[in-house]
Amino acid sequence: MNYEQVYENLISSRKKLNREKSEFQYYEQHHIIPLCLNGSNDKCNLVLLTFKEHYIAHLLLTHCYTGEERSKMCFAFF
């Protein structure tokens, strides 16, 4: 399975939804490029995900990296 492609598809499809935080729907802010891998807090690096989507995104990231970067992704996942 191409985990990187699945991750990219998830993120791009959710960005197209142009979600906004509200009191009626719960979303979590996700860093597309994780902060621990030199990502930023810029708006272009953030996407709003549901709890389930956020969980899946972090699970996918654990499969996208190796070595020390994978360790960081596993820590972020748990």
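Student: What makes strand β2 (residues 46–49) two-sided?
Tutor: Leu-46 and Leu-48 point one way from strand β2, while Val-47 and Leu-49 point the other way, and all are buried. In a regular strand the side chains alternate between the two faces of the sheet. One thing to keep in mind is that this is a predicted model, where local features need pLDDT of at least 70, side-chain atom pairs count only at pLDDT 80 or more, and totals for chains, interfaces and linings use all residues. Residues are numbered from 1 along each chain as its sequence is written, and side-chain values use heavy atoms, with hydrogens and water left out.

Student: How do you know that β1 and β2 pair?
Tutor: Two strands pair if DSSP finds at least two bridges between them. Strand β1 (residues 28–31) and β2 have 4 bridges, in the antiparallel sense, so they pass that rule. In β2, Leu-49 is the bridge partner of Glu-28. Strands (E, at least two residues) and helices (H or I, at least four) are DSSP runs, numbered from the N terminus.

Student: Why is Thr-62 called buried?
Tutor: Buried means under 20% relative accessible area, exposed over 50%, and partly exposed in between (1.4 Å probe, protein chains only). Thr-62 has 5% relative accessibility, so Thr-62 counts as buried. Thr-62 sits in helix α2 (residues 51–64). Leaving aside residues up to four places away in sequence, Thr-62 touches Arg-70, Met-73, Cys-74 and Phe-77, where contact means heavy atoms within 4.5 Å.

Student: And why is Tyr-26 called exposed?
Tutor: The relative accessible area of Tyr-26 is 53%, so Tyr-26 is exposed. Tyr-26 is found in the loop between α1 (3–15) and β1.

Student: Are Arg-14 and Glu-53 buried or partly exposed?
Tutor: Arg-14 has a relative accessible area of 23%, so Arg-14 is partly exposed. Glu-53 has 11% relative accessibility, so Glu-53 counts as buried.

Student: Which salt bridge does Glu-53 form with Arg-19, and what does the pair tie together?
Tutor: The side chains of Glu-53 and Arg-19 meet at 2.6 Å, N to O. Glu-53 lies in helix α2 and Arg-19 in the loop between α1 and β1, so the pair ties together parts that are 34 residues apart in sequence.

Student: How many salt bridges does the rule give?
Tutor: The count comes to 3. One of them joins Glu-68 and Lys-72, with the closest N and O atoms 3.8 Å apart. These two are 4 residues apart in helix α3 (residues 67–77), so about one helical turn separates Glu-68 and Lys-72. Salt bridges that share partners also join Arg-14, Arg-19 and Glu-53 into one network.

Key: Salt bridge = Lys/Arg side-chain N within 4 Å of Asp/Glu carboxyl O.
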